[in-house]
Amino acid sequence: MDAFLGIILRRLAALIPLMLGIILFIFLVMALSPNDAALSVLGDQATPEQVAAFNAANGLDQPLLVRYADYLWALLHGDLGQTFSLSAPIGGIIAAALPVTLQLTALGVSLAVVLALVLGITGALYRDRWPDQLTRLISMAGISIPSFWLAILLIQQLSTIGGGSLPSGHYVAPSESVSGWLQHLILPAVALAVPTGCALARVVRTSMVEELDRDYVRTAVGAGLPPVVVVGRNVLRNALLTPLTVLGLQTGYLIGGAVIIEAIFTLPGMGTQIMSAVQQNDIGLARGLVITIALGFVVVNLVVDLLYLAANPRMRGAH
């Protein structure tokens with residue numbers, strides 16, 4: 001237990017410079033953008049005096065290092081600043097948009113895991129037979145389909161099922177109506193889940209096949225244990241360790257893919273806000289949104305990594 005606690009502390013310590021590096025990179029990319037925030041807000045007809053006043057009011061006339069230090073200090077105190085275009089707190093915008101993206105991502109991950117387990121386990125148990133060939137075909141087709149194209153296809157073909165019971169736009173909070181929330185998120189979640197679930201299914205199948213070929217499986221089956229018990233109790237538990245680490249990366253990609261999917265389905269999440277910030281050349285808002293998503297990606301992968309270590313005693317001993 002003490003060794004595992006040491007691993008957690010080392011991972012958390014390594015997380016600090018990683019996050020600082022991410023923040024620095026995003027800040028520099030946004031700060032060195034050729035777009036002029038003053039002209040984006042004031043218009044092309046703004047006078048030099050108006051531009052200078054705007055830059056002074058927003059701290060844009062300071063040296064880059066000073067601006068980064070001020071931004072990092074404010075960020076450590078939970079202050080993401082104000083949007084240039086709306087003069088609204090960026091933290092409030094993120095607080096309203098982030099739950100939508102997290103809900104969409106969570107639902108997409110759940111569907112992707114179910115799809116991956118069904119395809120992967122079926123392919124492994126019926127290796128080199130027709131069910132395996134069918135699951136391989138489905139997996140390859142799912143991986144090849146871009147999420148945005150699948151989203152458009154779902155809107156065209158399924159959004160009118162049952163008289164519009166699967167609406168293709170807007171958002172309903174789960175506190176208002178759970179069924180309405182599910183109806184509005186199921187199609188975008190499917191669009192996110194299919195490519196990810198099919199990619200993960202190949203990892204599940206490969207890991208299951210390797211585990212099924214181990215000696216302990218043949219010994220257990222030869223001793224008279226039902227194959228269902230052997231697969232469910234031992235094989236599946238050991239085989240899912242590797243897909244668990246892949247799931248962490250895929251979850252991060254789902255968060256990124258939600259940017260496009262939310263715009264297609266007009267969901268008021270982080271993706272829609274990023275698109276709005278880019279269209280308005282609002283560097284401050286775009287920076288805050290991207291930093292939040294990037295740090296969320298890092299935290300998700302850290303949690304999955306720790307879960308993998310917790311479930312694998314051999315890996316804990318290796319560290």
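**Entry 1**

I looked up Glu211 and found it buried, at 9% relative accessibility. For that call I used these classes: buried is under 20% relative accessible area, exposed is over 50%, and partly exposed lies in between, with a 1.4 Å probe and protein chains only. The model is predicted, so I kept to the limits that apply: local features need pLDDT of at least 70, side-chain atom pairs count only at pLDDT 80 or more, and totals for chains, interfaces and linings use all residues. Residues are numbered from 1 along each chain as its sequence is written, and side-chain values use heavy atoms, with hydrogens and water left out.

I then asked which residue the side chain of Glu211 meets in a salt bridge. It is Arg214, at 3.1 Å, N to O. My criterion was a side-chain nitrogen of Lys or Arg within 4 Å of a carboxyl oxygen of Asp or Glu. Arg214 is partly exposed, with a relative accessible area of 40%.

**Entry 1: the other salt bridges**

I searched the whole structure and noted 5 salt bridges. Side chains of opposite charge can pair when their charged atoms come close.

Arg205 pairs with Asp132, and their closest N and O atoms are 2.9 Å apart. This pair ties together distant parts of the chain: Arg205 sits in helix H8 (residues 178-212), Asp132 in helix H6 (residues 130-144), and 73 residues separate them. I took helices as DSSP runs (H or I, at least four residues), and strands likewise (E, at least two), numbered from the N terminus. Are Arg205 and Asp132 buried or exposed? Both are buried.

Asp128 and Arg136 also join their side chains in a salt bridge, at 3.9 Å, N to O. Asp128 is exposed, at 55%. Arg136 is partly exposed, at 34% relative accessibility. I noted a network of salt bridges that links Asp128, Asp132, Arg136 and Arg205.

**Entry 2: positive phi**

Most residues other than glycine have a negative phi, and most peptide bonds are trans. I came back to Asp128 here: its phi is positive, about 65°, although it is not a glycine. Asp128 lies in the loop between H5 and H6.

Thr266 is another residue other than glycine with a positive phi, near 50°. I placed Thr266 in the loop between H11 and H12. Thr266 counts as partly exposed, at 45% relative accessibility.

**Entry 3: the nonpolar cores**

I turned to the largest nonpolar core, which has 39 residues. The term covers buried Ala, Val, Leu, Ile, Met, Phe, Trp, Tyr and Cys residues joined through side-chain atoms within 4.5 Å. Which members touch the most other members? Ile23 and Tyr71 do. Helices that each supply at least two residues include H1 (2-31), H4 (64-76), H5 (90-125) and H13 (283-311). H13 gives the most, with 12 residues. The core draws at least three residues from each of domain 1 (1-77) and domain 2 (98-316).

I listed the contacts of Ile23, leaving out residues up to four places away in sequence: Tyr68, Tyr71, Leu72, Leu75 and Ile291. Contact here means heavy atoms within 4.5 Å. Apart from this core lies another, of 36 residues, with Val100, Ala191, Leu192 and Leu212 among them.

**Entry 4: Leu72**

Leu72 is in helix H4. Leu72 is buried, with a relative accessible area of 17%. I set aside neighbours within four places in sequence and found Leu72 in contact with Leu20 and Ile23. I also checked Leu72 against Leu119: they are 47 residues apart along the chain, and 46 Å separate their C-alpha atoms.

**Entry 5: a surface patch**

Leu24, Leu28, Leu32 and Leu64 make a nonpolar surface patch of about 320 Å². Patch residues have over 30% relative accessible area and no salt bridge; like charges are joined within 9 Å, and nonpolar side chains (Val, Leu, Ile, Met, Phe, Trp, Tyr) within 5 Å. Areas come from the Shrake-Rupley method with a 1.4 Å probe; for residues, only the protein chains shown count as cover. I placed Leu64 in helix H4. Leu64 counts as partly exposed, at 31% relative accessibility.

**Entry 6: the two domains**

I noted the division of the protein chain into domain 1 (1-77) and domain 2 (98-316). The bounds come from an automatic or database domain assignment. The domain centres, taken over C-alpha atoms, are 32 Å apart.
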